[in-house]
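Keep the sequence at hand as you read.

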Amino acid sequence: MKRFTSILLALVLCLATVLTLTACDHEHTYANDWTGDETHHWHACTGKDCTEVADKAEHTWNNGEITTPATRETNGVKTFTCTACNKTKTEAVIPVLTVTAEQWDKALSFEGLDNYTITLNNGTSTTTAIRNGFKVQLTTDDEIMYLNKEGETYYSYIEESGSYVKSDIPEAVYINNATLGTGGMFQFSDVAYDETTKSYTAAEVSPSGTPFTYANIVAKFLDGKLVHLSCDGIMNGTPVGSITMTVIYGNAAAITLPSVTA
């Protein structure tokens, strides 16, 4: 009896194996589209109740792109895409609000930047500097001046008697106008970082060799770039006004240089 039971069990196992092999002895058809999860992608079998997969592999992520820029108040979003199946994943972009001494100098001089819009208000008038490439348009109330670089020479376009006159200017004059004079106003060592406002501040700065004093300085940065600057001006102990400057980077308006007199 015991021998009979063993033989019967062996037959049952053999039959099950044959049936299994017979059931899977066909060519699977797989979907053209990818199926995937957080870590892998694959082509799924299209047969009913079929759980077979083909071409299963880990995602291969590209370098990602900023799909939502960070602001001083909110994180941004960087989106990565799998180069095989196009699945995406995201990660937060944490805004950097502090700068080093080197970054401070570059930011206030706008070094290496050629696409921005600066708006400066001094309480009585507003000046806008739009830079697109080497072309710069300066607008103060109703007066407009243009700057440009051609070859190694810098030029200004200033309106005189209803028409524009083109004159060559020193590089320093071009830079000072294109940045509205922010470079060298004060140094990184003049200010301290305020964790509460996430800004660099100073109660008072008096550049050596001048009768001018800057007071109530506030400078704000985002990812190494200056986005806000404000201060009060004092000349020989007398308040002379306040300035507030904001800067927007990218998407600067196209600039058309004016026709000039012969």
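**A sheet and its rings**

Strand β5 (residues 76-81) is joined to β6 by six bridges, and the two run antiparallel. Strands (E, at least two residues) and helices (H or I, at least four) are DSSP runs, numbered from the N terminus. Two strands pair if DSSP finds at least two bridges between them.

This is a predicted model: local features need pLDDT of at least 70, side-chain atom pairs count only at pLDDT 80 or more, and totals for chains, interfaces and linings use all residues. Residues are numbered from 1 along each chain as its sequence is written, and side-chain values use heavy atoms, with hydrogens and water left out.

β5 and β6 belong to an open sheet of three strands, in the order β4-β5-β6, with antiparallel pairing. β4 (65-68) and β6 (88-93) are the edge strands; each has a single partner, so one side of each lacks a neighbour in the sheet. Neighbouring strands here are turned by 40° against each other on average, direction ignored (axes are lines fitted to C-alpha atoms).

Now look across the strands. Phenylalanine 80 stands opposite lysine 89 in β6. Lysine 89 also lies over the face of phenylalanine 80, 5.6 Å from the ring centre. Such a charge has NZ of Lys or CZ of Arg within 6 Å of the ring centre and within 35 degrees of the ring normal. Lysine 225 lies over the face of tyrosine 249 at 5.0 Å from the ring centre.

Next, rings against rings. Rings of Phe, Tyr and Trp (its six-membered ring) pair if their centres lie within 6.5 Å; planes under 30 degrees apart are stacked, over 60 edge-to-face, the rest tilted. The count comes to 13 aromatic pairs. In one of them, tyrosine 154 and tyrosine 174 have ring centres 4.7 Å apart and planes at 45°, so the pair is tilted. Tyrosine 154 lies in strand β11 (residues 153-160) and tyrosine 174 in helix α3 (residues 171-178), so the pair ties together parts 20 residues apart in sequence.

Are these two tyrosines buried or exposed? Tyrosine 154 is buried at 9% relative accessibility, and tyrosine 174 is buried at 2%. Buried means under 20% relative accessible area, exposed over 50%, partly exposed in between (1.4 Å probe, protein chains only).

Phenylalanine 212 and tyrosine 214 pair edge-to-face, 5.0 Å centre to centre with 70° between the planes. Phenylalanine 212 is partly exposed at 22%; tyrosine 214 is buried at 14%. Both belong to a cluster linked by ring pairs, including Trp104 and Phe221.

Methods: Axes fitted to C-alpha atoms, helices over the stretch in contact; angles between N-to-C directions.
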